[in-house]
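Hi,

Here is the model I promised to pass on. Have a look at it first, and then read my notes below.

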Amino acid sequence: MAEMGSKGVTAGKIASNVQKKLTRAQEKVLQKLGKADETKDEQFEQCVQNFNKQLTEGTRLQKDLRTYLASVKAMHEASKKLSECLQEVYEPEWPGRDEANKIAENNDLLWMDYHQKLVDQALLTMDTYLGQFPDIKSRIAKRGRKLVDYDSARHHYESLQTAKKKDEAKIAKAEEELIKAQKVFEEMNVDLQEELPSLWNSRVGFYVNTFQSIAGLEENFHKEMSKLNQNLNDVLVSLEKQHGSNTFTVKAQPRKKTKLFSRLRRKKNSDSAPEKGNKSPSPPPDGSPAATPEIRVNHEPEPASGASPGATIPKSPSQSSLPAVVVETFSATVNGAVEGSGGTGRLDLPPGFMFKVQAQHDYTATDTDELQLKAGDVVLVIPFQNPEEQDEGWLMGVKESDWNQHKELEKCRGVFPENFTERVQ
């Protein structure tokens, strides 16, 4: 009998829930059709909007934090493999082997500690923060259902009161149901009205604590990592001193001649070749002073005849042999540099000067159009006359010492590998 009673209660509860769902669905349809009014609370709706925004932001932050942790893990693995590689290549008789191994171990421990602290002080806090949202979200949805129940009970009670034929028993029962529905709704509504603004305001402190923790942990991590890197550098300096004769030489990036540059060079060499039987000497190598017209700027006072001073390009046997595009570009560059500065030009710097670099390593020129550099040389960087001739990783310039001594750009200019220098101005 008890079992039958239990089944009966369960069946009755199911039937009651089904009836509630039907009543709510009917009430919502009437409200959407405008045949029944709906209780509104704009202040609460604003709280719900803030809640949804806060949940979206927190979920994104949690996702990005997990991505950050995954990156830290990946960097840890990469750093560990790099350290293991150093340990393998570090030969037993080399000085500092034990120190290098100890540095590698401390490096591994530092990464592990950093990752674990990020989990404890950031990710777990993040999870706890977001853990309260599902329950509140569920209660917001339940409040919405109870509000529909309240509106439905209110409309039912009002319809019985305005009926032509009143049934006092039904009115009394409807009033009782209305009071009950109102009480249930208001209890939930009051609690959420207090919790949602408080939750919204808590986001500021949470964001501050979270990012302060991350920033502090990262700062300490890099400080400790910097110490380990300095120790490793000291070990390697010691190794370098013992084997100084086997110093690795920095090499320039290979130059890749552009098609236009190669085509112009072939054209130039072809036009400059002496005819059969001509006793004139062969043209000089490309890039030598005689291969291009010399630039001279006249800075003397104006003559009495009124002849205008300025840059002149004297005729030379090789000028007529240059392709027209080279001559025009060259002339436009020179005249533009002089005229653009009021006809006098900048006497301290070459035309088109962009910035200075200083050679960090010696560089031996392998072609006639390249600069020979010694560590410490300062080079004034200028643009290429034709940008298409510039190879990746190479710059055009003139050594500052040559420029100060000769002030003749075409005799001093040349290309050089950028990775052999460092910008200083």
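This is a predicted model: local features need pLDDT of at least 70, side-chain atom pairs count only at pLDDT 80 or more; totals for chains, interfaces and linings use all residues.

Met-75 shows how the cut-off works. Its relative accessibility is 47%, so Met-75 counts as partly exposed. This residue lies in helix H2.

Ser-79 is another residue of helix H2. Here the relative accessibility is 14%, so Ser-79 counts as buried. Ser-79 can also be placed relative to Trp-111: the two are 32 residues apart in sequence, with 8.8 Å from C-alpha to C-alpha.

Now the helices and what they enclose. The largest nonpolar core has 35 residues. Phe-51, Tyr-114, Leu-118, Met-126, Ile-136, Ile-140 and Leu-196 are the ones with the most contacts inside this core. Four helices each supply at least two of its residues: H2 (42-89), H3 (97-131), H4 (133-161) and H5. Of these, H3 gives the most, with 12 residues.

At the start of the helix, a side-chain oxygen of Asp-167 comes to within 3.2 Å of the backbone nitrogen of Ala-169.

Lys-173 also lies in H5. With a relative accessibility of 53%, Lys-173 counts as exposed. Between Lys-173 and Tyr-157 there are 8.8 Å in space, C-alpha to C-alpha, and the pair is 16 residues apart in sequence.

On to the sheet. How many strands does the open sheet have, and in what order? There are 5, in the order S6-S5-S4-S3-S7, and the pairing is antiparallel. The edge strands are S6 (414-417) and S7 (421-423), each of which pairs on one side only. On average, neighbouring strands in this sheet are turned by 50° against each other, direction ignored.

- S6 to S5: strand S5 (residues 394-399) is joined to S6 by 4 bridges, and the two run antiparallel. Met-396 stands opposite Val-415, and Leu-395 has Phe-416 as its bridge partner in S6.
- S5 to S4: these strands pair in the antiparallel sense over 4 bridges. Leu-380 stands opposite Val-398 in S5.
- S4 to S3: strand S3 (residues 355-359) and strand S4 (residues 378-382) also pair in the antiparallel sense, over 4 bridges. Val-357 faces Val-379 in S4 across this pairing.
- S3 to S7: here there are 3 bridges, again in the antiparallel sense. Gln-358 stands opposite Glu-422 in S7.

Why do I describe S5 as largely enclosed by the rest of the structure? Because 6 of the 6 residues of S5 are buried. Trp-394, Met-396 and Val-398 point one way from this strand, Leu-395, Gly-397 and Lys-399 point the other way, and all are buried. Do check Lys-399 when you get there, as one of those buried residues. S3 is mostly covered too, with 4 of its 5 residues buried.

Arg-413 lies in the loop between helix H9 (409-412) and S6. Its relative accessible area is 17%, so Arg-413 is buried. The side chains of Arg-413 and Glu-410 are joined by a polar contact of 2.7 Å.

Cheers

Technical notes:
Residues are numbered from 1 along each chain as its sequence is written. Side-chain values use heavy atoms; hydrogens and water are left out. Two strands pair if DSSP finds at least two bridges between them. Axes are lines fitted to C-alpha atoms, for helices over the stretch in contact, and angles run from 0 to 180 degrees between N-to-C directions. A polar contact is a pair of N or O atoms within 3.5 Å; within protein, one must be able to donate a hydrogen and the other to accept it, and residues adjacent in sequence count only if both atoms are side-chain atoms. Buried means under 20% relative accessible area, exposed over 50%, partly exposed in between (1.4 Å probe, protein chains only). A nonpolar core is a set of buried Ala, Val, Leu, Ile, Met, Phe, Trp, Tyr and Cys residues joined through side-chain atoms within 4.5 Å.
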